[in-house]
Amino acid sequence: LYWMASDACYSLAWLNYKLAPLRKLFDNEQRFISPSGNDTFSVQGYAGRVKLLLKADNRFIERSALLLNEKYEKSFNRTVGYINAINTCYHAVKPDGKLLVLIIPHCSRVNDRYKADYEKLGAQFRDKGDHPSWGFLMGVLCKFNAQSLLSVSHYLNMAEEQGIQTYYYSDEHLTANGQKVVCSAVLNHLP
């Protein structure tokens, strides 16, 4: 309810931002320390925010990637609006510049090990072989010039196949190695 209300009433989001220092005193999740690259998966040790999201909607990963309900579609369109505003400002300063939209997939879309871990957390996926990030990519392609789009799924997948851990096992964020893979993909994409 809070997130729905804060979407409609920006003063709630501002208040949340201003009260962040107080939250750190009472919320262990706010004192999160980045796991090492050799962390291990456990349901108990996984980030609490993710477990809460999965409890609220066990298909939120798939639904957000496919834009399967109005909430996700509105969020997607709002994000596109922000990107377009940035692009407009950028072109006002540098008319011949090019916008690059970087898409980093959810860890469950990169490797079956991460997907299996998410299933242990309670996530459900419609089809074991399905990669719903393509629905999101198609939505992005419809909104932007295809030349300005870079999805790093393939690069991260190749790194995982070579035994390089690109995401933490206890958190859905990229490891230092994953960040290097993304950086290398961006550098290869630039002229």
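Which residue lies over the face of Phe125? Lys115 does, at 5.0 Å from the ring centre. Keep in mind that this is a predicted model, where local features need pLDDT of at least 70 and side-chain atom pairs count only at pLDDT 80 or more. Residues are numbered from 1 along each chain, and side-chain values use heavy atoms, without hydrogens and water.

**Rings and charges**
- Arg113 sits over the face of Tyr114, 4.8 Å from the ring centre; this calls for Arg CZ or Lys NZ within 6 Å of the centre and within 35 degrees of the ring normal.
- One aromatic cluster is formed by Phe41, Tyr46 and Tyr118.
- You will find four aromatic pairs in the structure, a pair being rings with centres within 6.5 Å.

**Helices H9 and H10**
- H9 (residues 153–161) packs against H10 (residues 176–189) at about 135 degrees, with axes 9 Å apart.
- Tyr155, Leu156 and Ala159 of H9 meet Gly178, Val181, Val182 and Ala185 of H10, with contact meaning heavy atoms within 4.5 Å.

How values were computed. Phe/Tyr/Trp six-rings, centres within 6.5 Å; stacked < 30°, edge-to-face > 60°. Axes fitted to C-alpha atoms, helices over the stretch in contact; angles between N-to-C directions. Helix = DSSP H or I, 4+ residues; strand = E, 2+ residues; numbered from the N terminus.
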